[in-house]
Amino acid sequence: MRHWKHLTALVVAAGVALSLGVGMAAKKKNPLEAWKPKFDPSGAKYVMKVSNISHPVIEGIAVGYRIRDELWKRTNGQIYFDYYPLAQLGGEVEVLNQLVMGAVQGMLCSSVAVTNIAPRMGLVNLPFLINSFDKLDKFIANKELFNEFLSSAEDKGIMGVDITGYGNYGWATTKPVRTYEDAKPLKFRIAEAAVNQSLYKAWGLNAVVMPWPDVHIALKQGVIDALDHTPMVCNITKKFEVAKYFTQINYAQGLFIHLINKAWFQSLPKDLQKTLLDVIREECAKTRVLTRQQEEREIEKAKASGVQFFTLPEEDMKLLRQKGDVVHKEWADKIGPEYLKKVQDFMGYKL
């Protein structure tokens, strides 16, 4: 079983790398060469092994390296933030289990996968709730609501610290989707995530749950016609080479939740605990600004390469909001009805 998990992790890592055109098998070119530390970490008193599934060419993932370097400087080399993007430590569910056990000390976990240990964190995937950069900033600025969100996994021994992201979710398609009716015949790849599955069922669309590394080939072979993701990721990972249309639904933000094993954190001296949290929060705040800019750039690049962008008519968007409200009701008990209502009211959620 362990062997199979290890093999799966390698396949995931290789698939992600290949989808970015960086070929992890190539010995002459290490895809992470540019992010190697410019210091010798061997003398670190504390080593924090941290995982992420994706590629640091995305600012919301590259933040791990910026945290590593700033933390090294601010702690005078006492803490080494040993960062492993590209699923080097395994798939997200596997790494979440390692994080709970303490074999891994930190993780930038996608918001779609984090519900495996903290259903309340599914809040940020609910449709049309925290679905823009401005709304995300507003939510984070409300310390009461945000801290309750971040504490969702404390019963598992996991601390939430902050959030970075990768843009606004929509539909990359092989055929133009200008209306809801255009979308109905298509087969949409969605993530292996419970909230997404609930949403596409509510929308009445044909969803195919598929691991990320399989997506590129599935698009090329016509196994799927559409992809639920953000324009930034679709452009960077070359999905637009096959799916040359993008409908901007903007129903949710693609996010990474920065998690830490609480027992390991508490083993640090108090001054280093504070420095660690300060650095993560400062770098995440800077990165959220960079992510806005990166999404704009990637959309312009995609348009320049011939990708066509659409928005749905308002009556279709209203229909998606109405149908999607079923997911809010379905997840209310898992998130906490009172907490969900507070967030909905604060965010001005309406159909």
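Mentor: Let us begin with L86, which is buried because its relative accessible area is 0%; buried means under 20% relative accessible area, exposed over 50% and partly exposed in between, with a 1.4 Å probe and protein chains only. Please note that this is a predicted model, in which local features need pLDDT of at least 70 and side-chain atom pairs count only at pLDDT 80 or more, while totals for chains, interfaces and linings use all residues. Residues are numbered from 1 along each chain as its sequence is written, and side-chain values use heavy atoms, with hydrogens and water left out.

Trainee: Where is L86 found, and what is its phi?

Mentor: Most residues other than glycine have a negative phi. L86, although not a glycine, has a positive phi of about 60°. It is found in the loop between β2 (79-84) and α3; helices (H or I, at least four residues) and strands (E, at least two) are DSSP runs, numbered from the N terminus. F128, in the loop between β3 and α4, also has a positive phi, near 60°, and is not a glycine. F128 is buried, with a relative accessible area of 7%.

Trainee: Which residues of helix α3 are buried?

Mentor: An α-helix has 3.6 residues a turn, so residues three or four places apart point the same way. In α3 (residues 92-101), the buried residues are E92, V95, L96, Q98 and L99. They lie on the same side of α3 because they cover an arc of only 160° around the axis, the arc being that of the directions from the helix axis to the C-beta atoms. Their cover includes β1 (46-51), β3 (106-110), β4 (158-168) and β10 (253-261), where contact means heavy atoms within 4.5 Å. After α3 comes G102, with a positive phi near 95°.

Trainee: What do the buried residues of α5 pack against?

Mentor: In α5 (residues 143-150), L145, F146, F149 and L150 are buried. Seen down the axis, these residues fall within an arc of 135°, so they line one face of the helix. They pack against α4, β4, β10 and α13. On the other side of α5, K143 and E144 are exposed.

Trainee: At what angle do α4 and α13 pack?

Mentor: For such an angle, axes are lines fitted to C-alpha atoms, for helices over the stretch in contact, and angles run from 0 to 180 degrees between N-to-C directions. Helix α4 (residues 133-141) packs with α13 (residues 337-347) at about 125°, their axes being 11 Å apart. The two helices are therefore oblique to each other: angles under 35 degrees count as roughly parallel, over 145 as roughly antiparallel, 65 to 115 as roughly perpendicular and the rest as oblique. From α4, the contact is made by K135, K138 and F139, and from α13 by Y339, V343, F346 and M347. By class, this contact has 5 nonpolar, no polar and 2 charged residues; Ala, Val, Leu, Ile, Met, Phe, Trp, Tyr, Cys and Pro count as nonpolar, Asp, Glu, Lys and Arg as charged, and the others, Gly among them, as polar.

Trainee: How do the classes divide where α2 meets α11?

Mentor: The axes of α2 (residues 59-74) and α11 (residues 270-304) come within 9 Å and cross at roughly 145°. The residues of their contact divide into 8 nonpolar, 5 polar and 8 charged.
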